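Biologist: Please show me the model. Then walk me through the sheets, the domains and the ligand shell.

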Amino acid sequence: MARIGVVGAGYVGLTTAACFARLGHDVVCADVEPAKVESLSRAEVGAHEPGLPELVEEGVRGKRLRFVLGNDEALSGVDFVFLCVPTPTGADGAADLAAVHAVLREARGAVRPGCAVVLKSTVPPGTAERVAGLLGRDDVGVVSNPEFLREGHAVDDFLRPQRVVVGASAGGEDAARRVVGLYEGTGAPAVVTDSTSAELVKYASNCFLAMKLSYVNSLAELCERVGGDISDVTEGMSLDDRIGTAFLEPGPGWGGSCFPKDTKALLSAAEEARVDFPLLRATIGTNGHQARRVVDLARAAIGPLRGARLGLLGLTFKAGTDDLRDSPALAVAALLAEEGARLVGYDPCVRRDCGPVRVLGSAEEVARGADGLLVLTEWPEFAELDWPALADSVHRRVIVDTRNLLPLDKVVEAGFHLVNLGRRA
Ligand code: UGA
């Protein structure tokens, strides 16, 4: 059993803390927000993350998991410190490391000899080496251990990961070996490398997935123009196991708190290293064009948008989360509002109005009197709606389904004109 300090109780830090407690370790998790620390100490988890409330409750009750205000306890008296603080996009597209640096300044005088300082926050290549210098402690190993947690699956991804990646900065080799040991219970293969390579694995993975999605979104546009069905195209591609089946669904663009930030940060790191990376630029550029493309499809199907009442189904950046950060649905909404559309929306995980979108309590309310419906998030329940009943309550029977989620036959049978991505309208 190890003593572990986790700095930052966001979804990565909280998942890390609760899962290490589940694996039998003694964990103290620090945050700077008093309200958050108080509610977590009562085992109340605000975020929508399946399985996490139960794990936090189990850890707190079993006294293997504690939440504290301020970082002191999570830095001193532990064998491992995991940094799980945000690294948002800075002014120039690069990752802003202010929070990481602030914790390291505190850690300098606080951590015990022999402690491993582990960077779980997503940081640009070379950061662990640089901060090892900043920390200035020869008796402490600095290790990179990126996370690969998907929102909505974070607990499962932590406890049953496909891989564990651990990178040692110079002199941190022993600390890295000990970090690998913490994951023994998960049975996952470990890639043990230098810290810069480990940092790159994280960016390279997210950017590769984003690139796959931008590729599919462009293919979908091509299908619409030349005639072709993107589902059949991707099915045909995916039977080649070098391509695989995952991340081939077209959509209104990729969003969330990771892909937009990480693609920009890797591009910025490449530029700084004077490496031209046109693939990454195109990946980002293609995504920037998706919301506009959805609005063009809506206008083509519905007609002029000024004054139209449009019902948006789904607002979060993907299904299974309540996260609205960098949500493509909201990017589409902003453009629709710019064209003068009146917007109402429904999302199973959103209760408050979002910018120009008045949020209602059900899909049925959103449909009432609508001049058009847009499916923007792939919540499975949207596929189960009563289409004949909705057909009677809308003003005009037009749907733009950007997730290709709805059952085509039922929706068309109910009298709707259905527009999908990657299929001729
Ligand atoms: C992503 C990665 O999948 C995780 O492995 C990583 O750990 C995490 O970022 C992170 O860096 O912390 P997440 O942001 O939760 O996880 O979201 P994803 O499930 O990857 O979805 C990203 C975006 O792609 C969403 O907007 C989603 O709707 C979109 N998407 C995904 C599609 O449009 N089509 C698909 O087929 C799959």
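Modeller: First, a term: two strands pair if DSSP finds at least two bridges between them. Helices (H or I, at least four residues) and strands (E, at least two) are DSSP runs, numbered from the N terminus. This is a predicted model: local features need pLDDT of at least 70, side-chain atom pairs count only at pLDDT 80 or more, and totals for chains, interfaces and linings use all residues. Residues are numbered from 1 along each chain as its sequence is written.

Biologist: In which sense do S2 and S3 pair?

Modeller: Strand S2 covers residues 26-31. Val28 has Arg66 in S3 as its bridge partner. Over 5 bridges, the sense of S2 and S3 is parallel.

Biologist: What is the strand order in the open sheet of 8 strands?

Modeller: The pairing in this sheet is mixed. Its edge strands, S3 (65-69) and S8 (190-194), each pair on one side only. From one strand to the next, the twist averages 25 degrees. The order is S3-S2-S1-S4-S5-S6-S7-S8.

Biologist: Which strands does helix H1 lie across?

Modeller: Helix H1 spans residues 11-22 and runs at about 165 degrees to S2. Axes are lines fitted to C-alpha atoms, for helices over the stretch in contact, and angles run from 0 to 180 degrees between N-to-C directions. Contact needs C-beta atoms, placed from the backbone, within 7 Å. The strands are S1 (3-7), S2, S3 and S4 (80-83).

Biologist: Why is one side of S11 and of S14 left without a neighbour in the sheet?

Modeller: The open sheet of 6 strands runs S11-S10-S9-S12-S13-S14, with parallel pairing. S11 (357-359) and S14 (417-420) stand at its edges, so one side of each has no neighbour, as each has a single partner strand.

Biologist: What is the bridge partner of Gly311 in S10?

Modeller: Strands S9 (residues 309-313) and S10 (residues 342-346) pair in the parallel sense over 5 bridges. The partner of Gly311 in S10 is Val344.

Biologist: How far apart are the C-alpha centres of domain 1 and domain 2?

Modeller: Domain bounds come from an automatic or database domain assignment. Domain 1 is 3-194, and domain 2 is 290-420. Their contact takes 4 residues from domain 1 and 5 residues from domain 2. The centres lie apart by 38 Å.

Biologist: Which residues come nearest to the ligand?

Modeller: A residue is near a molecule if its C-beta atom, placed from the backbone, lies within 6 Å of it. Helix H9 (residues 195-226) gives the largest share of the shell, 3 residues. Of the 19 residues around the ligand, the nearest are Glu151, Glu249, Gly251, Cys258 and Lys318.

Biologist: How many residues of the shell are charged?

Modeller: Ala, Val, Leu, Ile, Met, Phe, Trp, Tyr, Cys and Pro count as nonpolar, Asp, Glu, Lys and Arg as charged, and the others, Gly among them, as polar. The shell has 10 nonpolar and 4 polar residues. Its charged residues number 5.

Note on methods
Contact = placed C-beta atoms within 7 Å.
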